[in-house]
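User: I'd like to learn how to read a few features of a protein model. Could you walk me through them?

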Amino acid sequence: MENKKEMRNWLDEMNLSHPFVIAGPCSAETEDQVMKIANQLKDTDVTAYRAGIWKPRTRPGMFEGVGEIGLNWLGRVKKETGLLTTTEVANSVHVDLALKHDIDILWIGARSTVNPFIVQEIANALKGTDKIVLIKNPVNPDLSLWLGGIERIYTSDIKKVGVIHRGFSTYDKSNYRNNPEWQIAVELQSNFPDLPLICDPSHIAGKRDLIFDLSQTALDLNYDGLMIESHCDPDNAWSDAAQQVTPDRLIEIMKDLVVRDKTSLKDDFQNELNKLRSQIDIADQNLLNTLGSRMEVAKKIGILKSDNNVAILQNKRWNEILGKMILDGETHGLSEEFILRIFKAVHQESINNQERILKKNK
Ligand code: PEP
Ligand code: MN
């Protein structure tokens, strides 16, 4: 897929002086609830009102959404508040109904992006639409699958496209409901700088007290917008209760967020930035040289082990290296997590090289 500038026209045309904010409840529950939240969000920096009509629940027997009647409520929201409306579509029936009810923005949920059949079905049903279509990342940390979803939508002649980063599920318990894995979204953004990128801190966090920090990180990383779940009575919400914030709290969050400029044309800033960037270039070059010479030594060890028929993995030695690096790393202000990631990767590459040597000399 070429990098099409037109992909972000829809956002640029809105001419917003702040990030593009989508907010509203996880699920539309009742007409009163939908209207109450919408009225609290109108005349704020919120541009689009979200509400799930069909809810993909992990286990059966839970509230699965109000269905088509909720689209009438969203119609009322648009008419009475002027907010754009958006909901999740997960098959062609949802698409037809959402189009019939003139929903402005349709999003593809994380559980649908994992399934190319479903994404294709949605793309076919939407063919040529001038509605905005947002594609959430798949539940698993797979950039190609996400890109594949974008390609299926884009090649179905849909030009108003964007993506939503909602984090990735893992088996390990973490502080987040879905790990952000920011680097995946950042890689997507560097491949497609003109594709509007929206962060959904609610589904990353899973709990409301992390929403502010995640939103600020997204803005620091140059995201174009935020999708935040907001409910008039979060604790009693019919889905995702722990992560929703009241409209008042949302307004406070939006007020406290620092929006960074994309860049600055001031001479002082540019000069200082260029100077620091040349230092980074030199440091990166040094890093590469060091990694290269370390690998040469690892290969020599591989030959030595091969000649003496000794196993590659020496756990005791490896644990000693790691322990020492974590301690030394601390004195350089490097976190244990970072040191572990870097050294595990370096170690794996050494093992791969040594394994090649052992196989060759067999
Ligand atoms: C949602 O936005 O309410 C939702 C179900 O999100 P996700 O697809 O990210 O799980
Ligand atoms: Mn939700």
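Predicted model: local features only at pLDDT ≥ 70, side-chain atom pairs only at ≥ 80, totals over all residues.

**Reading a helix and a metal site**

Analyst: Happy to. Let's begin just after α6, where G128 takes a positive phi of about 75°.

User: And α6 itself? Which of its residues are buried?

Analyst: General idea to begin with: an α-helix has 3.6 residues a turn, so residues three or four places apart point the same way. Now the case here: α6 covers residues 116-126, and I118, V119, I122, A123 and L126 are buried. They share one side of α6, because they cover an arc of only 135° around the axis.

User: Which residue caps the N-terminal end of α6?

Analyst: That's N115, with a side-chain oxygen 2.9 Å from the backbone nitrogen of F117.

User: On to the metal. What are the protein donors of the manganese ion (ligand 2)?

Analyst: Look for C26 (SG), H203 (NE2), E229 (OE) and D240 (OD), which lie 2.1 to 2.4 Å from the manganese ion. Their spacing in sequence is C-x176-H-x25-E-x10-D. C26 sits in the loop between β1 (20-24) and α2 (31-41) and E229 in strand β8 (residues 225-229), so this pair ties together parts 203 residues apart in sequence.

User: Are C26 and E229 buried or exposed?

Analyst: Both are buried.

User: And how is the whole chain divided?

Analyst: Into domain 1 (4-256) and domain 2 (267-360). Taken over C-alpha atoms, their centres are 40 Å apart.

Key: Residues numbered from 1 in each chain as written. Chains lettered and ligands numbered in written order. Heavy atoms only, no water. Buried < 20%, exposed > 50% of the residue type's maximum accessible area, 1.4 Å probe, protein only. Helix = DSSP H or I, 4+ residues; strand = E, 2+ residues; numbered from the N terminus. Arc of directions from axis to C-beta. Polar contact = N/O pair within 3.5 Å; in protein donor to acceptor, adjacent residues only side chain to side chain. Domains from an automatic or database assignment. Donors = N, O, S within 2.8 Å, 3.2 Å for Na, K, Ca; no water.
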